[in-house]
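This report looks at aromatic side chains in a predicted model. Please have the sequence and structure open as you read.

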Amino acid sequence: MSDKAAGAGTKQGLSRAFITRAIILLALCCVVTFTLVTLKLFEVQITQHDRYESQALGNQLRRSSLTASRGAIYDTNGKILAMSAAVENVFISPYEIDHYDMDVKLVAEGLSGILGVPSADIIEKSAKLNSQYQVVKSKVESAAASEVKAFIKDNRLKGIYLEPATKRYYPNGSLACQIIGFTGTDNKGLEGLEQRYNAHLTGVNGREVRLKNARGTDMLLDGYDDYFSAQNGDSIVLTIDSQIQYYVEKHVEKAIEDYGVQNGACCLVMNAKTGEILADANYPNYDLNDFLTPGSKDMEKLADIEDEEEYRNAFNEALYKQWRNRSFADTYEPGSVFKIITLAMALEENVASEESYFDCRGSMEIPGRTNPKICWMEYGHGVQSLRQSIQNSCNIAVVNLALRVGAERFYDYIHAFGLFNKTGIDSNSESSSIWWSENVFFEKTNQSQLAAASFGQTFKVTPIQMVTAVAAAVNGGYLMQPYIVKQILDSDGAIVHTAEPTVVRQVVSAGTSRVVRDILEDVVNAGTGKNAQVRGYRVGGKTGTSENIEKQEEDEAKKDYIVSFIGFAPADDPEIVILLLMDSPSHDTGIYISGGSMAAPVVGNILADILPLYLGIKPDYTPEELKEINVDMPRVTGKGTQDAVAMLEDQGYECVVVGDGAVVTGQLPAPNAHIAYGTTVRLYAGEDVPKDTSTVPQLSGMSYAAAKENLESRGMFIRTTGAPRSDKKAEVSVQSIPSGTNIVYGAVVEVTLIDKSAVELH
């Protein structure tokens, strides 16, 4: 072979080898590449499928929530207590703001001016360029939302959106605030029934999903790829009657001011036959629409605190205190109102009857008790019948009743009356009572616990337990399950649940209950509850005064007391039972601190307002009671003077005529003024009615006759609450207008009369 041929062969061989190697290398690269692609596809489609799908959907879709409307809360008559109204959430899409090159500063300052959100916060959210949803402000009212829409339109802005939402409103402010409770910014119930029934009230949120193109704008003409409407929450109907609640709150608030109550108060009104709670007032209270602000008195105290941490702790404590429903959550020593329970069990056990008598000498020896002084009456009440003993709230008598019943049976009755366990009221805040254990209470050589328990001391119950137990003692003997929610309605208003009155058990017989009612009516007619009388109605009840043992003081003048009264009406067939307790009235009012002088007249005033409303019947006055009532002044202006005088005197008024005209040209009191029966009326016949002012005198301690004369001599008039005006022991305790106030002629001053002998001494 020639050298040329050999060279050509060599080159051809090299070329084939190169091609072969290239093919092998290419094949290898293809295999590697295919393997890598396959592995990546496996990762994307299998192992990391959810992640990449989520990212893809995030780039293609914009989701927003449709808030369900929270169900309403109604009172028993259908009046709205809590409602949700339409508002809007304002949010931005930083991605779109950047994509369309919107002026971030313009967006931030514009929204800041309308919504009150710091512009720096909006700029910070706008910097999150990968986000399509950054909330600027939630629950924007319609007026501000309209401004936002106008701002978007006027400046041709993109990336700013509004979405529908709801906001909770409480039309009556503080009315029944601890019962209703409130919701947080996310519409979740945080307190009261809003929390307890949150699952029913909340509903189910809907959503809307918008399909976007590569530029982030909507692809579909209607804007929606998917839409799920919200399912509105259920509504609840309460047993609370807002009108009764209003009267209760009005009188309790006034009592707190009149008696300088330092640590709050609560008042429960229950239907004695069904267990329905008709009203529940607690103080301090708060505005449900502004629940994060303490009351004005607390704010005054907070203003004096300079230390930041101390201020924060005091601020939070003030909030928790005003949110707390003490009717359910707090325990207290019931004091003498508990004598109702001791009386009922003694009668049921047949260890006492109306023919029983007790000799009270003020002291008695009790095994295990070091102090023989038991009765609040220093030298005792002497020999009394059972009825007289309860009228006088005699401790010696009820201790003897308890000793006859015995510790074991006494304990059984405490359980039967529901005082060991929670009542089951539909509230998340209910507490349990505090009692002795059986081995302590049953100790034969130490009966001090039994003695103290008989008159309501050294143990604690909740107000809801106490009012439920007393209702059982007077309603025929049935312990009822108390409840606040009577119906649940779906979003269309259809009833999905109705609560029915539930008898827990029969505690005492109807006969025992009848005797208890009868004796307690005498307590109001002639005993320590006399100041709770309501003219035209039969009322029964019992006073209570107990030491606040958590704030014990050796100095009698500094001791804190809880004063209370529990009443029911009509006494012969109770419909309503009501408990009021006030914690730590002031020693500086000049009024003796006791349930009889402070709590009883307040309950009487409440019953006077709500009995005609709730029972729907007019009062039935005796001839004597007609002289004790307050009446509306008739209009006689324009009538002949002689005819006017004759008409007024025929209605029980006394008349003084000023001037000698034949026609009445003016009158004091003014027409429709609510005044005491028998008021002396001034008729002006041809003379002008005085326009002067006069200074209100200090009436405390005066008899009714003296207070009436004192006011009328200054051109003012009187009306009364509390004890009968004819009671010679009755005197003024509080007055509606403070002494020293200048008021116009003809003004009416309301005074509370109390019989100071109708009180329990400490």
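## A buried phenylalanine pair

Phe 182 and Phe 291 are both buried. The model contains 21 aromatic pairs. In the pair of Phe 182 and Phe 291, the ring centres are 3.8 Å apart and the planes meet at 10°, so the rings are stacked. The cut-off for stacking is under 30 degrees.

This pair joins distant parts of the chain. Phe 182 lies in the loop between α7 (177-180) and α8 (192-196). Phe 291 lies in the loop between β10 (277-283) and α11 (296-302). The two residues are 109 residues apart.

## A tilted pair between helices

Phe 410 and Phe 441 also form an aromatic pair. Their centres are 5.9 Å apart, with 35° between the planes, and the pair is tilted. It too links distant parts of the chain: Phe 410 belongs to helix α17 (residues 407-416), Phe 441 to helix α18 (residues 438-441). Their separation is 31 residues.

The limit for buried is under 20%.

## The aromatic cluster

Phe 410 and Phe 441 are also members of a cluster linked by ring pairs.

## A charge over a ring

Which ring does the charged end of Lys 158 sit over? That ring belongs to Tyr 100. The charged end of Lys 158 is 5.4 Å from the ring centre.

Methods: Residues numbered from 1 in each chain as written. Predicted model: local features only at pLDDT ≥ 70, side-chain atom pairs only at ≥ 80, totals over all residues. Heavy atoms only, no water. Phe/Tyr/Trp six-rings, centres within 6.5 Å; stacked < 30°, edge-to-face > 60°. Helix = DSSP H or I, 4+ residues; strand = E, 2+ residues; numbered from the N terminus. Buried < 20%, exposed > 50% of the residue type's maximum accessible area, 1.4 Å probe, protein only. Lys NZ or Arg CZ within 6 Å of the ring centre and 35° of its normal.
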